[in-house]
Structures are given as structure tokens and as C-alpha cells.
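Subject: Structure handover

Hello,

Here is the structure I said I would pass on. My notes follow it.

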Amino acid sequence: MSLQPFVKWAGGKRQIMDKLLEFKPKKYKHYYEPFVGGGALLLELAPIHATINDSNKELIYVYKCLRNKRLFKKFYELCKQHEENHSEEYYYQIRDLDRKKTVYTKMTMPEKAARCVYLNKACFNGLYRVSGKGYFNVPSGKKEKVKCFDEENIQALHKYFNKRKPVLLNKDFAEAVKTAKAGDFVYFDPPYDVVGEQSFTSYTAGGFGRDEQTRLRDVIKELTNKGVLVMASNANTPFIQEIYKDFNIHVINAKRMINSKGDGRGDVEEVIITNY
Ligand SMILES: C[S@@+](CC[C@H](N)C(=O)[O-])C[C@H]1O[C@@H](n2cnc3c(N)ncnc32)[C@H](O)[C@@H]1O
């Protein structure tokens with residue numbers, strides 16, 4: 001059975017999957033995905049040796065629960081409990097747990113992971129958004145019933161992660177690829193460059209501004225010098241075209257389902273950058 005992402009994640013790659021598969025290298029050793037999110041490409045490739053990373057701690061807790069039998073059992077039971085207890089009021093109770101610091105810090109890893117998946121499924125539009133203080137602040141999706149996962153898929157995911165035991169990291173992307181060697185493959189799917197009002201500042205709402213895009217390009221240059229195969233996705237903007245002018249840039253059409261504002265649905269141009 002093919003593996004599917006267990007969360008709806010901003011920047012999910014399902015719409016451009018055929019292109020990613022077309023442009024990925026034919027052969028590679030270890031697979032790295034430093035901005036894993038929902039992990040659409042990881043799950044499509046289901047590599048034997050992998051290192052995956054995301055700066056989102058709660059998301060990495062879910063991957064850890066999928067990898068370990070004991071944690072998975074707990075996580076599974078807790079998700080079922082959330083499904084049973086779901087109501088408008090319950091959603092806000094669970095959502096606001098991170099506002100009570102003493103309660104939140106005492107929560108176990110499966111508790112935090114199940115909360116993350118439940119909120120993703122019950123909230124408005126599957127967004128993950130935190131306030132300046134780091135509190136999850138997406139309103140309820142006003143759903144009558146919430147299903148945390150598809151039964152067959154979650155079991156298949158558990159089987160894959162438990163068998164292959166990928167390395168799971170919660171670091172900055174540059175740190176996460178430090179061990180990559182010649183012949184390994186790194187796929188970077190960062191928060192995209194934004195055109196518009198933020199173009200002249202270094203920061204975007206997501207904290208990944210042009211300084212960060214340039215820092216990522218520099219990491220890709222270092223990996224290129226080491227003989228690591230690199231593929232990266234981004235928005236097709238003049239800025240991205242400029243900073244990657246020494247690489248191969250493939251322009252593609254994508255149907256975006258969610259963006260940071262929840263609008264702007266439709267076709268947009270994206271790029272797939274490769275160093276091979
Ligand atoms: C565009 S999403 C990846 C989507 C993913 N490919 C998918 O299929 O769902 C970008 C991810 O990068 C993470 N991120 C943002 N800044 C980061 C950083 N400096 N280092 C590592 N991860 C970061 C975010 O938490 C988010 O999950």
C-alpha cells in the first residue's frame with residue numbers, strides 16, 4: 001500500500017509529485033529531507049536510509065511516535081479518545097493547553113503528538129499557525145466529526161517508520177544536513193519566497209525571509225561542493241531566479257491548495273532547482 005501524509009500541511013507537495021519524481025536523481029544513497037512537513041516526497045520514495053528534520057517540534061513528536069511501538073500504541077489510543085470527545089468546546093480546551101505552561105510541559109510525547117494531529121484535523125483548513133507567544137491559534141473548523149487518521153494508512157506508516165527507523169531531527173535545516181556525503185540526496189522544501197509587501201524586508205510572517213533563502217542557497221552550494229545531490233522547490237520569483245542562477249532551474253505549474261493567507265487558490269508557477 002502507498003504511504004500518505006498523516007497531516008494536511010502548508011506547502012504539501014501532492015500537486016507537483018509527478019514533477020518531483022521526474023527531476024529526482026535516479027540513484028542515491030542516504031535520503032535527507034530537512035523541511036519535512038507532511039513528508040509527501042519522503043512517503044512516496046519510502047527510502048531505506050533517511051534523515052528527516054523539521055523545526056516544528058510537535059510534528060517531529062508524531063514521527064517519533066510512528067517509529068516506536070510503545071509510543072505508537074499510546075499515540076493511537078489518544079487520537080481515538082480525541083475523536084470520541086470531539087466537540088466545539090473540546091477543540092478549544094485541547095487547543096489552549098499550550099497556554100497553560102505548567103500543564104503543557106508535563107504532557108508526554110504521545111500526548112503532544114496526538115494533540116498535534118487532532119488539532120490539524122479539527123482546525124480551520126488544516127493550518128498550523130502559532131501566535132507571537134508560540135500558542136496555537138487557529139480557530140475550529142466547526143466539524144461535526146473528526147477523524148484523526150485513515151486506519152490502513154496509519155498502520156502502514158507505523159510499519160514503515162518502525163522497520164526503517166529513519167533519523168528524526170528537530171533542528172535548523174543547515175544543522176540537519178551536516179552529515180550528508182557524496183552520493184546522498186537532499187530534498188529541500190522550504191517556506192516559499194513571497195512576492196509583495198514583504199519583498200523589501202528580511203522577514204516574512206513565517207520567519208523565513210530573504211536572508212534565510214540566501215542562507216539556504218549557501219548551504220546548497222556547500223553540499224554541491226561535497227558531491228551531494230540536491231533538489232529544492234520554491235516559488236518562481238525574480239529573487240529565486242537570481243540567487244539560483246548557477247543551478248538548473250525547472251519552471252513548473254502547480255495547483256496550490258493552502259497558502260499562508262488561506263486565499264490565492266489556483267495555478268501558480270513554481271521552480272524545481274537541481275545541482276545535477
Ligand atoms: C513548505 S513546508 C514543507 C512541506 C512538505 N514538503 C510537505 O510535503 O508537507 C516547510 C517546513 O519547514 C519547516 N521550517 C521552517 N523553517 C525551518 C528551519 N529554519 N529549519 C528547519 N525547518 C524549518 C516548517 O515547520 C515547515 O514544516
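The largest nonpolar core in this predicted model has 65 residues. Val62, Cys79, Val117, Val186 and Val230 are the residues with the most contacts inside that core. Domain 1 (14–55 + 171–274) and domain 2 (61–162) each supply at least three residues to this core.

Val117 is worth a look in the viewer. Leaving aside residues up to four places away in sequence, Val117 touches Phe6, Val7, Val62, Cys79, Cys148 and Phe149. Two of these contacts, Val62 and Cys79, are also on the list of core residues with the most contacts.

Phe149 comes up again with Tyr76: the two are 73 residues apart in sequence, and their C-alpha atoms are 9.4 Å apart in space. Tyr76 sits in helix α4, which covers residues 69–85. Is Tyr76 buried or exposed? Tyr76 has 20 other C-beta atoms within 10 Å, and a residue counts as buried at 20 or more, so Tyr76 is buried.

On the domains: the chain is divided into domain 1, made of 14–55 and 171–274, and domain 2, made of 61–162. Their C-alpha centres lie 26 Å apart.

Regards

Methods. Residues numbered from 1 in each chain as written. Predicted model: local features only at pLDDT ≥ 70, side-chain atom pairs only at ≥ 80, totals over all residues. Domains from an automatic or database assignment. Core = buried A, V, L, I, M, F, W, Y, C linked by C-beta atoms within 7 Å. Buried ≥ 20, exposed ≤ 12 C-beta atoms within 10 Å, placed from the backbone. Contact = placed C-beta atoms within 7 Å. Helix = DSSP H or I, 4+ residues; strand = E, 2+ residues; numbered from the N terminus.
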